[in-house]
Amino acid sequence: MSPVRSVFRFAALGLMVVGACVRDARLPSEPAARQAPQFAAVASSGGASAATGRHIVSFSGAVPTDFTSRVEALGGKVLWVSAGSRLAAVSGLQGKASSTLAAGRGIQAVDVDESIPLDVPLLVNEEGAPSGAGVQSSTAPATAGFFRRQWNMQAVQADVVWAHPFLGSSAVTVFMLDTGIDYLHDDLVGLVDLTRSLDLTGTFLGRVIVGTDTLFVPFTEADTVKKLFPTRLLITDLLFHGTHTSATVSSNAVWAAGITSRTTLVAVKVCGYINECPFSSILNGVIYAANNGADVINMSLGGPFAKAGNGRFVGLLDKVFNYARSKGVTVVVSAGNEAADLDHDGNTYQSFCNTPSVICVSATGPTSDATGNLLPGTNPDRRTGPWTDVDAPAYYTNFGRSAINVAAPGGNSSFGAPLPLPAGRLTAVWAACSGTMVARTTAGGYGAGRVYPSRHWFAGHQHGRPARGRHRGAARLDPRPQSEPDQGAHPANRGQRGRQRHDPVLRQGPSQCGARRWCHPVTD
């Protein structure tokens with residue numbers, strides 16, 4: 001096998017595994033309840049108000065020269081416009097204003113915007129660090145402090161590839177559409193391209209529960225960043241999700257190894273720490289990445305919605321992702337955690353696994369860990385294996401040959417009577433914590449490497465078709481060597497201080513990691 005082919009096999013592994021990241025690493029005791037988008041309430045049916053307070057506009061041709069003035073005349077504001085994809089997002093349209101806009105010349109449709117949640121894992125915190133942690137080991141990732149606990153890296157034999165040495169390339173860029181990145185984190189400092197990173201969340205109506213009432217109030221994540229971390233950039237991760245997914249793509253291997261240690265990361269914040277991701281921000285992020293040199297887009301987010309009544313919105317999604325593909329971008333998405341059969345999902349559209357031009361990744365993981373019990377005093381060297389059946393399908397993962405392209409480590413558990421100590425059934429993936437003044441230590445990692453000769457080749461794709469194995473429709477990963485005029489709706493007011501707005505969850509604090517240093521997804 002040629003060196004180029006070998007390097008790209010490794011790269012493709014990285015692309016696949018990142019799609020099975022945090023979202024599929026979550027180990028729920030039952031399928032996660034989701035906030036179901038209600039896209040069927042479109043402008044043409046009477047001007048229903050969007051849940052985010054925004055609308056997505058599709059143009060029938062070139063963007064009308066008077067589009068901004070039309071929107072402003074109706075009391076709205078243009079948030080972004082992409083001539084290449086013929087889309088725009090606006091806010092502030094009330095009553096029948098959206099219907100009036102939809103009826104205008106050059107407008108194909110005006111659809112309400114909605115938000116979808118991340119699958120945020122439950123966390124357990126742990127003090128201390130393994131022996132030897134805290135020394136950068138980017139040229140030897142297997143010496144990272146938490147590597148002995150990273151069954152996921154060992155399952156795909158990443159250490160075999162590092163020995164060649166294939167460590168990724170800074171010439172390859174992965175755009176992380178997520179909650180931002182803690183770019184000063186030990187495992188990430190120096191790996192994030194801050195010149196192209198930006199916050200696309202803006203201001204939207206966020207959902208907040210007050211007693212028994214559900215309210216929608218203006219939420220601006222940038223205001224929280226400026227208030228709590230005035231010296232930080234707006235891409236700062238206030239949750240932890242984006243920091244974890246990023247460290248799994250590329251890591252300095254101070255605390256945890258990533259599959260690569262040299263890949264360049266770009267933070268595109270499309271989700272707020274209140275766990276809401278407006279579709280208008282997500283689509284804007286895909287367009288921005290496609291227009292600004294992305295080799296790969298990672299999206300560890302998504303959710304199902306009804307196909308009936310939403311055909312036009314499905315078409316809008318298709319348009320955006322096909323646009324990214326036309327720019328030569330590989331888009332990797334996670335399959336979802338509902339244990340759903342995507343071959344027989346009836347009226348359900350799974351975003352973004354059912355979207356064309358993406359690589360959809362389901363999750364695998366061991367069914368037990370011989371040193372996995374967390375009871376104090378029972379396990380001095382815990383979570384270090386050996387692990388049983390590392391390629392077992394995760395019990396929560398969505399599956400189906402029509403939608404899933406490949407499977408990768410995400411975490412798992414088996415069920416039954418307790419195993420003899422110190423064994424445990426839960427096999428979680430260590431996760432990064434972030435969102436406070438001090439960058440917290442991390443664990444967990446998957447990644448992306450050098451992408452050539454074709455950005456659309458994926459692991460398991462041999463002889464023209466992906467191998468179909470026992471992972472319910474997915475190919476098994478094996479890393480061993482074998483001119484757009486608009487720049488993507490870049491906000492003109494980036495970095496400027498806006499009006500202070502009500503923060504519905506500030507009292508709880510933005511980070512879910514607490515004051516401790518180590519955390520990872522668990523169910524118990």
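A: What follows begins with confidence in the model, then turns to the disulfides, the nonpolar cores and one hairpin.

This is a predicted model, in which local features need pLDDT of at least 70 and side-chain atom pairs count only at pLDDT 80 or more, while totals for chains, interfaces and linings use all residues. Residues are numbered from 1 along each chain as its sequence is written, and side-chain values use heavy atoms, with hydrogens and water left out.

The average pLDDT (the predictor's confidence in each residue, from 0 to 100) is 74 for the protein, and 68% of the residues score at least 70. Residues 1-50 have a pLDDT below 50, although this stretch has 196 contacts in the model beyond near neighbours in sequence, a contact being heavy atoms within 4.5 Å. The pLDDT is also below 50 over residues 431-524, a stretch with 343 contacts beyond near neighbours in sequence. Where pLDDT is low, predicted coordinates should not be read in detail.

Searching the whole structure gives 2 disulfides, where a disulfide is a pair of cysteine sulfur atoms within 2.5 Å. One of them links C271 with C277, at an S to S distance of 2.2 Å, and its 110 degrees about the S-S bond make the link right-handed. C271 counts as buried because its relative accessibility is 0%, the term meaning under 20% relative accessible area, with exposed over 50% and partly exposed in between (1.4 Å probe, protein chains only). C277 is likewise buried, with a relative accessible area of 0%.

The other disulfide joins C353 to C360, with 1.9 Å from S to S, and because the torsion about its S-S bond is about -105 degrees, it is left-handed. C353 is buried at 5% relative accessibility, and C360 is buried at 0%.

As for the nonpolar cores (sets of buried Ala, Val, Leu, Ile, Met, Phe, Trp, Tyr and Cys residues joined through side-chain atoms within 4.5 Å), the largest has 59 residues, and V268 and F352 are among those with the most contacts inside it. Leaving out residues up to four places away in sequence, V268 touches several residues, including F175, L198, L200 and Y288. A second, separate core of 18 residues includes L191, A267, V361 and V406.

Finally, strands β9 (residues 203-210) and β10 (residues 213-220) pair in the antiparallel sense over 8 bridges; strands are DSSP runs (E, at least two residues), numbered from the N terminus, and two of them pair if DSSP finds at least two bridges between them. V210 stands opposite D213 in β10, and G211, in the hairpin with 2 residues between these strands, takes a positive phi near 65 degrees.

Note on methods:
Helix = DSSP H or I, 4+ residues; strand = E, 2+ residues; numbered from the N terminus.
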